[in-house]
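Please open the structure in your viewer and keep the selection tool at hand, as this tour moves from one stop to the next.

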Amino acid sequence: MDFLEQSDEKTDGEIFEWIDERILSKPETGRMSLEQRERLRTALFNSVRRLDVLQELVDDRAITEIMVNDYQTIFIERGGKIIRWPKNFSSEERLEDVIRQIAGKCNRVVNEQRPIADARLADGSRVNIVLPPVSLNGPMMTIRKFPEKPYTMDALVKEGTLTREAAAFLERLVRSGYSILVGGGTSTGKTTFLNALSAYIPKSERIVTIEDNAELQIIGVENLVRLEVRGANLAGDHEITMRDLIRTALRMRPSRIIIGEVRGGEAYDWLSCLNTGHEGSLGSAHANSTREMIGRLETMVLMAVDLPVPVIRRQIASGIEILVHLIRDRNGRRLLDEIAEIEGIRNDEIVIRTIYQRDEAGGLEKTGELLHRRKLVS
């Protein structure tokens with residue numbers, strides 16, 4: 001334990017030397033095979049310098065989610081299936097050490113006074129942390145992992161998320177500067193889909209991304225600015241919200257603004273951007289259908305300003321042009337369920353035209369044509 005307290009000041013090489021000395025000094029390790037010693041060496045290093053028992057899960061690219069319910073109970077998601085993992089932390093204190101290590105590396109404060117925090121790992125994986133007294137079973141943590149290389153639309157087509165025809169249609173929409181909102185439930189692949197869509201943005205444009213936690217992996221765009229919110233902390237740093245960042249982004253001369261996820265009053269600021277010359281922007285939001293995406297936006301705008309609902313609907317209809325809804329099927333596969341166009345306002349209601357929709361047999365078929373084609377390029 002004395003060594004652990006000083007480990008931050010030591011190099012990885014020094015830690016490995018210390019571990020090797022301890023392994024060789026123990027009589028019982030003499031009966032171990034070389035493979036067993038190597039596993040012990042790696043496990044000890046992970047407990048000192050990395051994420052302890054979670055490290056091999058983080059390194060396993062086939063695992064998409066890690067759910068730590070308490071120090072003894074860990075579940076993982078692999079291939080869309082959730083299973084319990086047989087290993088666990090040695091103690092609640094050790095789990096707390098790992099949690100504080102993760103939070104500290106991305107300047108997040110998490111303690112009894114601030115028991116909920118969002119953070120990320122070095123590879124971009126999203127981390128949600130909940131401590132007592134909010135968590136009744138002790139410290140808990142959920143890690144949403146992302147692929148090493150961002151998914152392309154071609155990869156999503158090969159996996160069956162959408163058809164080649166629908167992908168080509170979305171490519172034309174993005175290149176033409178249509179504003180698109182991607183919706184879906186938890187873990188339906190909204191961030192992955194945003195990444196894939198962003199690859200179609202012309203390389204000459206200036207992109208500003210705004211996120212709660214930096215997860216987007218925009219590739220191929222040189223003129224890229226990435227912004228991330230910051231919570232208030234004990235050091236006296238003030239909170240910087242999504243709304244603050246959107247207002248700042250407008251002064252950065254963006255061609256398009258990409259919002260990682262619209263969750264609250266920032267919906268009003270984002271709609272204002274769309275209605276003041278920043279066409280072609282992208283965003284995502286939690287919703288169970290394209291129609292519910294409209295209702296969610298209305299509610300989120302009302303969190304920021306007290307406007308009549310008909311006024312909000314006119315802002316939505318004039319700012320957002322395309323709705324994309326994602327789902328997960330019973331086998332855990334992420335699928336594009338619907339592509340719809342906002343036609344406009346009729347009798348104070350937003351009119352939605354479905355263009356692609358998944359049928360009862362599970363296939364994605366074209367059911368309509370794009371109405372507003374003025375901006376569409378070949």
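**Stops along the chain**

Select Arg 253, which is exposed, with a relative accessible area of 61%; here exposed means over 50% relative accessible area, buried under 20%, and partly exposed in between, with a 1.4 Å probe and protein chains only. This is a predicted model, in which local features need pLDDT of at least 70 and side-chain atom pairs count only at pLDDT 80 or more, while totals for chains, interfaces and linings use all residues. Residues are numbered from 1 along each chain as its sequence is written, and side-chain values use heavy atoms, with hydrogens and water left out.

Although Arg 253 is not a glycine, its phi is positive, about 60°, and you will find Arg 253 in the loop between helix 9 (242-249) and strand 10 (256-259). Helices (H or I, at least four residues) and strands (E, at least two) are DSSP runs, numbered from the N terminus.

Select Asp 52 next, in the loop between helix 3 (34-49) and helix 4 (55-59). Asp 52 also is not a glycine and has a positive phi of about 60°, but Asp 52 is buried, with a relative accessible area of 12%.

Now go to Pro 132 and Pro 133, which are joined by a cis peptide bond with omega about 10°; Pro 133 lies in the loop between strand 5 (126-130) and strand 6 (140-144).

Finally, select strand 13 (residues 334-346) and strand 14 (residues 349-358), which pair in the antiparallel sense over eight bridges, where pairing requires that DSSP finds at least two bridges between two strands. Ala 340 has Thr 354 of strand 14 as its bridge partner, and in the hairpin, with two residues between the strands, Asn 347 takes a positive phi near 55°.
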